[in-house]
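Please have the sequence and the structure open while reading.

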Amino acid sequence: MTAAHGIRPLSDTVHVSATLDKAAAENFPVAPAFLPRAWRDGLTAVYGYARLVDDIGDGDLAPGGRDAVLLGLDPAAADDRLAMLDALEADLRRVFGGTDGPPRHPLLLALQPVVRAHGLTPEPFLGLIEANRQDQRIARYETYGDLVGYCELSANPVGRLVLSLTGTSTPERVRRSDAVCTALQIVEHIQDVAEDLGNDRIYLPAEDMRRFHVSEADLAAPSAGASVRSLVAFETERARELLNEGTPLVGSVHGRLRLLLAGFVGGGRAALRAVTAAGFDVLPGPPKPTKSGLLREVAAVLRTAPRKG
């Protein structure tokens, strides 16, 4: 039997597992074991899709061009990020009932039953693709508002999908979730300044760089000078305020979902604490929280998040 007859080659199973294994490196738990199996399956499928989109946009796909082949392209097309994103969007359309058969990529094939079971809409998934298209066109952001607009595509859809998967979406929860997700995206940008610059991207707003007298050359230094540290401290406080704005989301839900969302918020807070502990010097490499630090922050969120509903 071959993939054409409904069974995926073992190599594809290993390939998919390698993508999903990247969840361990995230600042927050993706699909922790304490959640109901249906939620974990849904969150894992959504994470797999989001990871694939980001890997395409960042040029981080596994070598060999297998993802391109799975999406119906020549292996050499794996290096053409826009072509890959277009092919991924076409496969996403198949998830939502396209006329040319089932999804081709196993990560999208796994997503299809989740979409159907929860009545998910294409918009959040399309937003993630558009964010990665934007990454190919835009490498600098002039204003904080511009950056927040990017986060609306790159991060906020994930939180909205979590609410939809757990059947808890309301306008107020979406608003709080957007604040948390934008904050988490900004936290990642803060941690990854050096890596992003290596990819010719800067997510620190240009207006803020001018305000703190930071040049691109300053960001390329082995370690941060006083002006860069002041800029990073400023962006860190912005992210912290966004997390605080979103924290009531945790108190608006109950049970295991409350613990999951506390993990998201606590993960962001722990990352910010690690940045602060590094003296806001993110240039040698991304400051990462310890596991014990993460657990302390999650516990603090659970203690202090106001309960509603």
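The model is predicted: local features need pLDDT of at least 70, side-chain atom pairs count only at pLDDT 80 or more, and totals for chains, interfaces and linings use all residues. Residues are numbered from 1 along each chain as its sequence is written, and side-chain values use heavy atoms, with hydrogens and water left out.

**Whole chain**

- The protein chain has 16 helices and 0 strands; helices (H or I, at least four residues) and strands (E, at least two) are DSSP runs, numbered from the N terminus.
- Of its 309 residues, 49% are buried, where buried means under 20% relative accessible area, exposed over 50% and partly exposed in between (1.4 Å probe, protein chains only).
- Among contacts in the protein chain with a separation of 6 or more, 69% come from residues 24 or more positions apart; contact means heavy atoms within 4.5 Å.

**Helix 4**

- Helix 4 (residues 81–95) has 15 residues and should span 21 Å at 1.5 Å a residue, which agrees with the 21 Å between its end C-alpha atoms; the expected span is 1.5 Å times one less than the number of residues.
- Its buried residues are Met84, Leu85, Ala87, Leu88, Glu89, Asp91, Leu92, Arg94 and Val95.
- These buried residues pack against helix 2, helix 3 (66–70), helix 5 and helix 6 (123–137).
- Just after helix 4, Gly97 has a positive phi of about 95°.

**Helix 4 with helix 6**

- Helix 4 and helix 6 pack at an angle of about 170°, and their axes are 10 Å apart; axes are lines fitted to C-alpha atoms, for helices over the stretch in contact, and angles run from 0 to 180 degrees between N-to-C directions.
- Helix 4 is therefore roughly antiparallel to helix 6 (under 35 degrees counts as roughly parallel, over 145 as roughly antiparallel, 65 to 115 as roughly perpendicular and the rest as oblique).
- From helix 4, the contact includes Arg81, Leu85, Glu89 and Arg93; from helix 6, it includes Phe125, Ile129, Arg133 and Gln136.
- The residues of this contact of helix 4 with helix 6 divide into 7 nonpolar, 2 polar and 5 charged; Ala, Val, Leu, Ile, Met, Phe, Trp, Tyr, Cys and Pro count as nonpolar, Asp, Glu, Lys and Arg as charged, and the others, Gly among them, as polar.

**Helix 2 with helix 5**

- The axes of helix 2 (residues 37–58) and helix 5 (residues 106–118) come within 9 Å and cross at roughly 140°, so helix 2 and helix 5 are oblique to each other.
- Asp41, Gly42, Ala45, Val46, Gly48, Tyr49 and Leu52 of helix 2 meet Leu107, Leu108, Ala110, Leu111 and Val114 of helix 5.
- The contact residues of helix 2 with helix 5 comprise 9 nonpolar, 2 polar and 1 charged.

- Helix 15 has 23 residues and reaches 32 Å from first to last C-alpha, close to the 33 Å expected at 1.5 Å a residue.
- Phe280 is in the loop between helix 15 (255–277) and helix 16 (291–304), and has a positive phi of about 65° although it is not a glycine.

**His213**

- His213 lies in the loop between helix 11 (206–211) and helix 12 (216–219).
- Phi of His213 is near 55°, a positive value in a residue other than glycine.
- Most residues other than glycine have a negative phi.
- His213 is exposed, with a relative accessible area of 67%.
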